[in-house]
Amino acid sequence: MTTREGFEVGYDDAGSVSVIHAEAPVQASSDVETTALAGGCTAGAAEMEAAARAAGQSEILDRYAADYPKGPHDQPQSMCPAFGSLRVGLRMKRVATVLSGSACCVYGLTFVSHFYGARRSVGYVPFNSETLVTGKLFEDIREAVHDLADPDRYDAVVVTNLCVPTASGVPLRLLPKEINGVRIVGIDVPGFGIPTHAEAKDVLAGAMLAYARAEAQAGPVQRPAGGKSDRPTVSLLGEMFPADPMMIGAMLAPLGLAAGPVVPTREWRELYAALDCGAVAAIHPFYTAAIREFQAAGRPIVGSAPVGHDGTAAWLAAIGDAFNVAPAQVAAAQNAFLPAIKGALSGARINGTVTLSGYEGSELLVARLLIESGANVPYVGTACPKTPWSAADAEWLATKGVTVKYRASLEDDMAAMEAIRPDLAIGTTPVVQAAKELGIPALYFTNLISARPLMGPAGAGSLAQVVNAAIGGKDRMDKMRGFFEGVGTGDTAGVWEGAPNLRPDFRAQHQKKLDKAARAAKAEEMI
């Protein structure tokens with residue numbers, strides 16, 4: 001095994017941390033150029049992007065366009081993207097989170113974050129048209145981070161611009177890099193620039209890695225809480241079921257390697273340990289900004305994941321190549337785990353046709369596992385983009401006759417489900433709802449599929465029970481459809497004593513108003 005070259009992380013045995021010290025904080029002048037949005041947060045994506053570019057945000061929008069290329073839809077079809085970065089910050093120890101955006105957006109984001117188990121307060125800097133246009137909002141944000149920057153409580157404060165502040169050019173880059181030893185990380189996460197909440201996780205993870213890499217280059221940094229590994233490590237990129245990193249560590253042990261931190265991390269000092277690795281496993285392949293930071297540190301990236309028999313064999317070989325491990329040692333590691341995986345797969349078979357769609361980024365990995373478990377998977381839709389790190393999975397699925405749709409829209413997923421009429425539809429909430437209305441058993445991907453182990457022997461048999469139970473519920477679905485037959489749908493839903501009063505004249509009048517508004521908007525575009 002050879003050692004890596006280039007970037008090295010030095011640790012401070014005294015336990016102190018080297019922090020990047022900024023120059024004197026830059027004051028934003030009262031005439032900072034901002035753009036007032038006539039439509040506020042209800043403005044269209046094109047209008048908000050144009051306003052952001054006029055306010056000097058072209059560089060960051062161009063970066064996002066390159067990192068997160070959009071698909072057929074021009075705006076997110078899942079939850080607000082900022083939920084992804086918000087969740088990353090809220091799961092970290094000693095990190096405070098501040099949002100700057102419309103009150104309705106902040107309310108929704110905090111509600112969802114607490115629904116998913118956050119036990120932290122979320123800071124909010126309110127604004128109105130005057131403070132937004134005059135630049136006072138930036139001063140309010142700066143004052144807020146100064147108030148929060150208590151080194152006894154926090155290692156970092158994360159400030160996030162939502163749509164309106166981003167479109168108005170609120171310059172978080174002018175915030176001081178640190179205050180009283182507390183790091184200040186400012187990011188823009190507009191819905192018109194970040195397609196999915198999964199990729200918003202990458203925005204914050206990449207920003208934190210960039211900061212931590214600069215710290216490590218500047219001098220010694222804190223050691224990991226558990227100490228430095230005595231073996232070369234593989235950092236793991238992407239949120240996973242808690243058992244998966246441990247299983248990956250067990251599979252790396254015969255290679256003389258260890259599993260490093262999972263990025264996004266749960267603590268700031270883990271960022272240094274993540275950078276101090278021999279290679280990075282891009283388990284979730286859409287972390288473009290994070291991968292850029294690892295590559296800048298000279299770390300090789302390995303795509304795919306140890307999922308199923310074929311995936312595990314290929315992944316261990318790729319890790320061996322990255323560390324120049326002897327082929328015999330790689331073969332020994334494969335022989336230690338592949339029989340157990342094959343046994344688990346043969347003991348947990350899935351019989352049925354399954355369509356699969358989601359926005360978590362692990363859809364291709366789950367499809368591989370379903371197919372090796374015996375399922376027929378004709379369609380996989382992922383809201384995430386195509387990247388080099390998912391190429392091996394896409395190629396493997398293609399050999400099995402699977403149609404993989406990157407940047408799949410809700411309409412793509414619905415059309416596939418309705419055309420195929422599978423025994424089970426795995427997907428997002430609207431797909432699941434539509435499938436059940438058709439009498440097709442369905443499972444929500446995020447809560448019922450991605451929240452299970454996928455890696456190695458533990459993951460090999462993890463899906464069969466829940467999938468087979470759902471497929472076995474077809475008779476129950478048919479009985480429910482029969483029970484509710486005739487109650488109507490849409491605006492005729494319910495039990496009616498007489499015919500529903502549909503009032504087509506009202507519909508026609510309302511449609512005329514919509515057509516008139518559309519013509520007016522089109523005329524404005526031509527001016």
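Is V325 buried or exposed? In this predicted model, V325 has a relative accessibility of 8% and therefore counts as buried, the cut-off for burial being under 20%. V325 lies in the loop that runs between α12 (308-323) and α13 (327-346). The C-alpha atom of V325 is 7.0 Å from that of L255, although 70 residues separate the two in sequence.

Three aromatic pairs were counted in the model. One of them is formed by Y211 and W268, whose rings are arranged edge-to-face, with a centre-to-centre distance of 5.6 Å and an angle of 85 degrees between the planes. This pair links distant parts of the chain: Y211 belongs to helix α8 (residues 197-218), whereas W268 is in the loop between β7 (258-263) and α10 (269-275), 57 residues apart. Y211 has a relative accessible area of 9% and is buried. W268 is also buried, at 1% relative accessibility.

The axes of helix α3 (residues 82-90) and helix α4 (residues 103-115) come within 10 Å and cross at roughly 50 degrees, so α3 is oblique to α4. The crossing of α3 with α4 is right-handed. On the α3 side the contact involves A82, F83, L86 and L90, which meet L109, V112 and S113 of α4. By residue class, this contact of α3 with α4 comprises six nonpolar residues, one polar residue and no charged residue.

From α14, the residues L364, L365, A367, R368, I371 and E372 meet A392, D393, A394, W396 and L397 of α15. The contact of α14 with α15 divides into eight nonpolar, no polar and three charged residues.

In helix α20 (residues 464-471), the buried residues are A464, V466, V467, A470 and I471. An α-helix has 3.6 residues a turn, so residues three or four places apart point the same way. Among the buried positions of α20 are V466 and A470, as well as V467 and I471.

Methods: Residues are numbered from 1 along each chain as its sequence is written. This is a predicted model: local features need pLDDT of at least 70, side-chain atom pairs count only at pLDDT 80 or more; totals for chains, interfaces and linings use all residues. Side-chain values use heavy atoms; hydrogens and water are left out. Rings of Phe, Tyr and Trp (its six-membered ring) pair if their centres lie within 6.5 Å; planes under 30 degrees apart count as stacked, over 60 as edge-to-face and the rest as tilted. Helices (H or I, at least four residues) and strands (E, at least two) are DSSP runs, numbered from the N terminus. Buried means under 20% relative accessible area, exposed over 50%, partly exposed in between (1.4 Å probe, protein chains only). Axes are lines fitted to C-alpha atoms, for helices over the stretch in contact, and angles run from 0 to 180 degrees between N-to-C directions. Angles under 35 degrees count as roughly parallel, over 145 as roughly antiparallel, 65 to 115 as roughly perpendicular and the rest as oblique. A crossing is left-handed if the near helix is turned anticlockwise from the far one by less than a right angle, and right-handed if clockwise. Contact means heavy atoms within 4.5 Å. Ala, Val, Leu, Ile, Met, Phe, Trp, Tyr, Cys and Pro count as nonpolar, Asp, Glu, Lys and Arg as charged, and the others, Gly among them, as polar.
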